[in-house]
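Biologist: I am new to this structure. Please show it, and then I will ask about it piece by piece.

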Amino acid sequence: MPQRKSFAGTQQGLVLAIDVGTTYSGCSFSILDPGLVPEIKGVTRFPAQAPGGSSKIPSVLYYDSAGQVRAVGAETLLDTVIEQAEDEQWTKVEWFKLHLRPKSSKTPLRIHQQILSLPPDKSVIDVFADFLRYLFSCCRTFIEETLLPDGKSFWESVKDRIVFVLSHPNGWEGRQQSSMRRAAVLAGLAPDSPEGQNRILFVTEGEASLHFCINNGLTVQEDEGIIIVDAGGGTIDLSAYSVSNADTNAFEEISRSECCFAGSIFVTKESRVYFEDKLQGTRFEEDVPRITECFDQTTKLQFRDSDEPSYVKFGGLRDREPNLDIRSGQMKIPGTIVARFFQPSVNAMLKAVVEQRREARKAITTVLLVGGFAASPFMFTKLKDDLGQLGLSIHRPDTHVNKAVADGGVSFYLDHFVSSRVARYSYGIECTTIYQSSNPEHRRRGFLNSIEGSFRVKNCFSLILRKGVQITELQEFRNPFVYYSYHRLQSMTETILEYRGIDKDPSWIDVDCNMYSTACIVTADTSKISATLVPRRNPSGYEYFQLNFDVVLLFGLTELKAQIAWQENVRFCRGPAQIVYEPASDD
């Protein structure tokens, strides 16, 4: 395990990682003491948990008819809460995280249909904020009660400079990060100011899992690659890495990260379809939700072998129907049937591993499985057998795999093991270019008259970053812009497009047009540049202005950053640019 450096700051601090999962959530933290080596600790006590506590709580909330939060997390499992929720017709909200999924995600239609709706007048940001507010309160209580000598005084001293690390699936991008940041501000984690928002950081679940594995003894040879599979409740996140510098323990991403909707909740969904079909028209038909819940909480977790039957305990001794394989409140299910529930998730994982192995820049020989779903004995054995036939070995850390992302989120901030990442898609802008009559592509599209007097072709795609390129964190991608206007431009707005198709060198947005979507919108104040411009005249005698500047994008971070750059006399100047995202799916 690498040696962590001492904290170099001059005052105490706190880093808090929050992992909001589809089915379960958790938090980890680290106290930052000047001159001391930070340690990663988990929040292991939440309200309404059984004695002994746990590092995870259900990602579930109950709302009453007035839209007020009435129960969260482990509280939703209490019999008294369940009874009151039924009597007062509270709304149960679960899987809310999936409402943030990218619009362009490759989610099968059946999965879109299975994602539960939100309460009336509640957006996904509202629900996310309510849940974050609850987790933040639990973290505060835990730290105040457990930190010696005086946890309350410590919290008061650091509360205005806490650094938050929020994790999200590999497939999520700036739009989802923007929504999560809005939820965090709404929850009161940080103020809605540049300083406050800068204290909210993001890390992919795949990268957080890598940090967790490194801190739990992962060693990789410089000539080999590994795939980290974070198998969670809703998504399966895959990331491929290799060592870029053994001396500094730096890792680099060697293939595009992947995310597929094939987590453990879909095993439960498959089981429910089976129960509904088997019990339709019987006296046990109304028990299907209860039977499904019992399967999810016990049978699914214990299932090991398709050659042995499984049992779902859901009722009492009087619940008996031999024709339905129900005896003493217990339903018997053939092991082959239970294995069938798991098969779509197994197939999705295998397909994703094979694809990442094919794209990786180095040979992949090892797969590391983490996440709550990784604890499934059947899943691990099945993957071990199937991947073994492909020459791959699979391993699980010998510690709690269900807290990998929360612990890894803290390590991401403290250790920063990843030095470069791979672009998942191609990025660029829509623009025009000088018309060339000899070019058949130009002749086919025709031309338009530009302000400065030239003939130009529209629908061009100016590539800034190509898919699959390996990017270091500080690497810049610049694209020159020329704006023509009849007046001095005080600001500029440019749309950054994302291309998800297979063309390695996309040139026209009217070709494969369904593969283009808006990644973000970059806006910048150009008043200082415009004030220095000299008026020009076009062939028709009209006065116009020509504005030349570069948009500078940094893709190598876990968040996209932007600047504008221009030349002023002989000096190059820079200014900030703001990135704006369209709302996520269900904002």
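Biologist: Where is the place of Asp325?

Modeller: This is a predicted model, where local features need pLDDT of at least 70 and side-chain atom pairs count only at pLDDT 80 or more, while totals for chains, interfaces and linings use all residues. Residues are numbered from 1 along each chain as its sequence is written, and side-chain values use heavy atoms, with hydrogens and water left out. Helices (H or I, at least four residues) and strands (E, at least two) are DSSP runs, numbered from the N terminus. Asp325 lies between strand 14 (310–313) and strand 15 (326–327), in the loop.

Biologist: What does Asp325 count as at 28% relative accessibility?

Modeller: Buried means under 20% relative accessible area, exposed over 50%, and partly exposed in between (1.4 Å probe, protein chains only). With its 28%, Asp325 is therefore partly exposed.

Biologist: What value is phi of Asp325 near?

Modeller: Most residues other than glycine have a negative phi. Asp325 is not a glycine, yet its phi is positive, near 60°.

Biologist: In which strand is Asn459, with its positive phi, found?

Modeller: Asn459 is not a glycine either, and its positive phi is about 70°. Its place is within residues 455–465, that is, strand 22.

Biologist: The peptide bond from Leu148 to Pro149 has omega near 5°; is it cis or trans?

Modeller: Pro149 sits in the loop between helix 3 and helix 4. Most peptide bonds are trans. The bond from Leu148 to Pro149, with omega near 5°, is cis.

Biologist: What are helix 3 and helix 4 to each other, given a crossing at roughly 130°?

Modeller: Axes are lines fitted to C-alpha atoms, for helices over the stretch in contact, and angles run from 0 to 180 degrees between N-to-C directions. The axes of helix 3 (124–146) and helix 4 (residues 151–158) come within 7 Å and cross at roughly 130°. Angles under 35 degrees count as roughly parallel, over 145 as roughly antiparallel, 65 to 115 as roughly perpendicular and the rest as oblique. So helix 3 and helix 4 are oblique.

Biologist: Which residues of helix 4 make the contact with helix 3?

Modeller: Contact means heavy atoms within 4.5 Å. From helix 3, the contact has Phe136, Arg140, Ile143 and Glu144. From helix 4 come Gly151, Lys152, Phe154, Trp155 and Glu156.

Biologist: How far apart are the end C-alpha atoms of helix 5?

Modeller: The expected span of a helix is 1.5 Å times one less than its number of residues. Helix 5 (residues 174–186) has 13 residues, so it should span 18 Å. The model agrees, because the end C-alpha atoms of helix 5 are apart by 18 Å.

Biologist: Which elements do the buried residues of helix 5 pack against?

Modeller: Helix 5 is mostly covered, with 10 of its 13 residues buried. Among them are Gln176, Met180 and Val185. The buried residues pack against helix 3, strand 8 (163–168), helix 6 (194–198), strand 9 (200–204) and strand 26 (516–525).

Biologist: Which residues of helix 8 make the contact with helix 10?

Modeller: Helix 8 (residues 264–279) packs on helix 10 at about 140°, with the axes 8 Å apart. That angle makes the pair oblique. Helix 10 brings Ile337, Arg340, Phe341, Phe342, Pro344 and Ser345. Helix 8 brings Val267, Glu270, Ser271 and Tyr274.

Biologist: How far apart in space are Asp503 and Lys467, C-alpha to C-alpha?

Modeller: Asp503 is in the loop between strand 25 (491–499) and strand 26. With 38% relative accessibility, Asp503 is partly exposed. Asp503 and Lys467 are 36 residues apart in sequence, and their C-alpha atoms are apart in space by 9.6 Å.

Biologist: Which residues does Thr91 touch, not counting those up to four places away in sequence?

Modeller: Thr91 belongs to strand 7 (residues 91–94). Its relative accessible area is 29%, so Thr91 is partly exposed. Leaving out residues up to four places away in sequence, Thr91 touches Leu61, Tyr62, Tyr63 and Pro119.
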